[in-house]
Every structure is written in structure tokens, then in C-alpha cells.
Amino acid sequence: QVQLVESGGGLVQAGGSLRLSCAASERTFSNYDMGWLRQAPGKEREFVAAIRWSGGTTYYADSVKGRFTVSRDNSKNTVYLQMNSLKPEDTAVYYCAARRFSGSYYLPQREADFGSWGQGTQVTVSS
């Protein structure tokens with residue numbers, strides 16, 4: 001299992017931006033597809049974005065498409081989530097997750113797709 005540590009969460013006004021980071025302990029970080037999921041109070045955890053081990057393919061939930069960008073730097077064992085034009089409904093705990101690449105064409109999206117999780121970082125967007 002890869003150890004994941006998120007950072008960068010905080011309080012921001014609607015329309016503002018935040019950049020989340022997720023640092024991985026694994027030296028073979030480039031073997032993992034990575035994802036971001038979030039969980040708002042009283043709601044189930046939901047998919048936000050995913051990125052292929054190579055960084056060449058990304059996928060987003062419709063609710064964040066055009067506002068959020070996922071990227072990675074394999075030399076730093078880090079994946080990022082740039083969040084722009086934030087809305088109050090983006091308020092949630094954001095989790096970084098990893099799936100060891102298995103050759104699947106599809107990027108991971110469901111909770112069960114991921115084998116490793118970070119502890120989460122709180123993002124609060126005020127109106």
C-alpha cells in the first residue's frame with residue numbers, strides 16, 4: 001500500500017481558488033493511477049477527478065469539469081488538484097486515492113477501485 005498525505009485545504013470565498021497536493025511515499029509512484037474524491041457532510045463520498053499513471057489521461061466528474069484540473073509530477077511523487085471558480089457546494093473533505101496500474105483502459109472512479117487512501121483535507125467555500 002502506498003502512503004498518501006493531502007495538504008492545501010482551507011477556507012475560501014465563492015469564486016476563489018485552492019490547490020490541493022497529495023504526496024505519496026511510494027518510490028514507484030509512477031505505477032499508480034491517482035484520483036481525488038470528496039465527501040460532503042451527510043453525503044456519500046463522490047468521485048471528483050482521476051489521472052493516469054503517465055499523466056496523459058484525465059477524467060472529471062461533470063460537476064467540476066472546466067473548473068478543476070488534476071495533474072501530477074512523478075519526479076516529486078505528488079498529484080495535484082487545482083480548483084478554480086469554487087462554489088459553496090464544493091465544500092467537502094477531499095481525499096486522494098491510488099490504484100496500482102493494472103492495464104485497465106478505464107481510470108478508477110469508484111471507491112472500490114482504489115487500494116490506498118489519504119486522510120483527507122477539508123475544503124470550505126463560503127458564499
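Reply: Happy to. One definition first: a residue is buried under 20% relative accessible area, exposed over 50%, and partly exposed in between, using a 1.4 Å probe and protein chains only. The model is a predicted one, so local features need pLDDT of at least 70 and side-chain atom pairs count only at pLDDT 80 or more, whereas totals for chains, interfaces and linings use all residues. Residues are numbered from 1 along each chain as its sequence is written, and side-chain values use heavy atoms, with hydrogens and water left out.

The protein has eleven strands and zero helices, where strands (E, at least two residues) and helices (H or I, at least four) are DSSP runs numbered from the N terminus. Its radius of gyration is 13 Å, close to the 14 Å that the globule rule gives for 127 residues, so the protein is as compact as a globular protein of that length. That radius is taken over C-alpha atoms, and the rule is 2.2 Å times the number of residues to the power 0.38. Along the principal axes, the C-alpha atoms fill a box of roughly 40 × 25 × 25 Å. Buried residues make up 46% of the 127. Of the contacts (heavy atoms within 4.5 Å) between residues at least 6 apart in sequence, 61% join residues at least 24 apart.

Now to the charges. Counting Lys and Arg as positive and Asp and Glu as negative, with His and the chain ends not counted, the protein carries 14 positive and 11 negative charges, and their mean positions are 4 Å apart. Each charge is placed at NZ of Lys, CZ of Arg, CG of Asp or CD of Glu. A search of the whole structure turns up eight salt bridges, each being a side-chain nitrogen of Lys or Arg within 4 Å of a carboxyl oxygen of Asp or Glu.

The bridge I would look at closely is the one between Asp-90 and Arg-38, with N to O at 2.9 Å. Asp-90 sits in the loop between strand S8 (78-83) and strand S9 (92-100), while Arg-38 belongs to strand S4 (residues 32-39), so the pair ties together parts that are 52 residues apart in sequence. Both partners are on the buried side of the cut-off: Asp-90 has a relative accessibility of 1%, and Arg-38 has 5%.

Asp-62 pairs with Lys-65, their closest N and O atoms being 3.1 Å apart. Here Asp-62 counts as exposed at 67%, and Lys-65 as partly exposed at 48%. Lys-65 lies in the loop between strand S6 (58-60) and S7. From Lys-65 to Tyr-105 is 40 residues in sequence and 21 Å in space, C-alpha to C-alpha. A further bridge joins Arg-110 to Asp-113, with closest N and O atoms 2.7 Å apart. Its Arg-110 is exposed at 57%, whereas Asp-113 is buried at 18%.

Most residues other than glycine have a negative phi. Ser-85 has a positive phi, near 50°, and is partly exposed at 43%. Asn-77 likewise shows a positive phi, near 55°. Asn-77 is in the loop between strand S7 (68-73) and S8 and is buried, with a relative accessible area of 16%.

One last stop is the loop between strand S3 (18-24) and S4, where Ser-30 is found. Ser-30 is partly exposed at 30%. Leaving aside neighbours within four places in sequence, Ser-30 is in contact with Trp-53, Arg-72 and Asn-74. Of these, Arg-72 is 42 residues from Ser-30 in sequence and 9.4 Å away in space, C-alpha to C-alpha.
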